[in-house]
Amino acid sequence: AGLVQLITMKTIRLRVGVSKSGQESSLVGNDVLGAMPLAAILPLGVCAVVTLVAGVTMLCVTLGASALVGLCLMVVQLVITTQLSKRTKSASVAMRNATDKRIQVMREIVDGAKVVKLQQW
């Protein structure tokens, strides 16, 4: 429900007619595409926290002091995953920006073709 409300508020804030036609819907579409993977992964966050706590507890009970090695490996893996996620996100943003530019250029080409066709009549 919260995701739908955010998308609705974003749509309401857009002022129709300020920019080229179709760009408003393109922006809303990009927001929806960006939010859908987050909405799918969000419920898994609770399971991840519970699993992490249970795993650390079992590791400490089973191995004792040598569990620190396992905990250090978990932290290293977390850092590596975070760095990969940041790179993936920046690549995704760059791809969306390139797509927006491509759509804008194609729309201008089609609009130009319409003008030429209209002048031929």
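Helices are DSSP runs of H or I with at least four residues, numbered from the N terminus. This is a predicted model, where local features need pLDDT of at least 70, side-chain atom pairs count only at pLDDT 80 or more, and totals for chains, interfaces and linings use all residues. Residues are numbered from 1 along each chain as its sequence is written, and side-chain values use heavy atoms, without hydrogens or water.

View 1. Helix α3 covers residues 44-63. Its 20 residues should span 28 Å at 1.5 Å a residue, counting 1.5 Å times one less than the number of residues. The end C-alpha atoms are 28 Å apart, which agrees. Just after α3 comes Gly 64, with a positive phi of about 75 degrees.

**View 2. Leu 38 in helix α2.** Leu 38 lies in helix α2 (residues 23-41). Leu 38 counts as exposed because its relative accessibility is 54% (exposed is over 50%, buried under 20%, partly exposed in between; 1.4 Å probe, protein chains only). Leu 3 is 35 residues away in sequence, and the two C-alpha atoms are 9.9 Å apart.

View 3. Cys 47 is partly exposed, at 47% relative accessible area. Cys 72 is partly exposed too, at 49%. The whole structure has zero disulfides (pairs of cysteine sulfur atoms within 2.5 Å).

**View 4. Leu 84 in helix α4.** Helix α4 (residues 67-120) holds Leu 84. With 51% relative accessibility, Leu 84 is therefore exposed.

Notes: Helix = DSSP H or I, 4+ residues; strand = E, 2+ residues; numbered from the N terminus.
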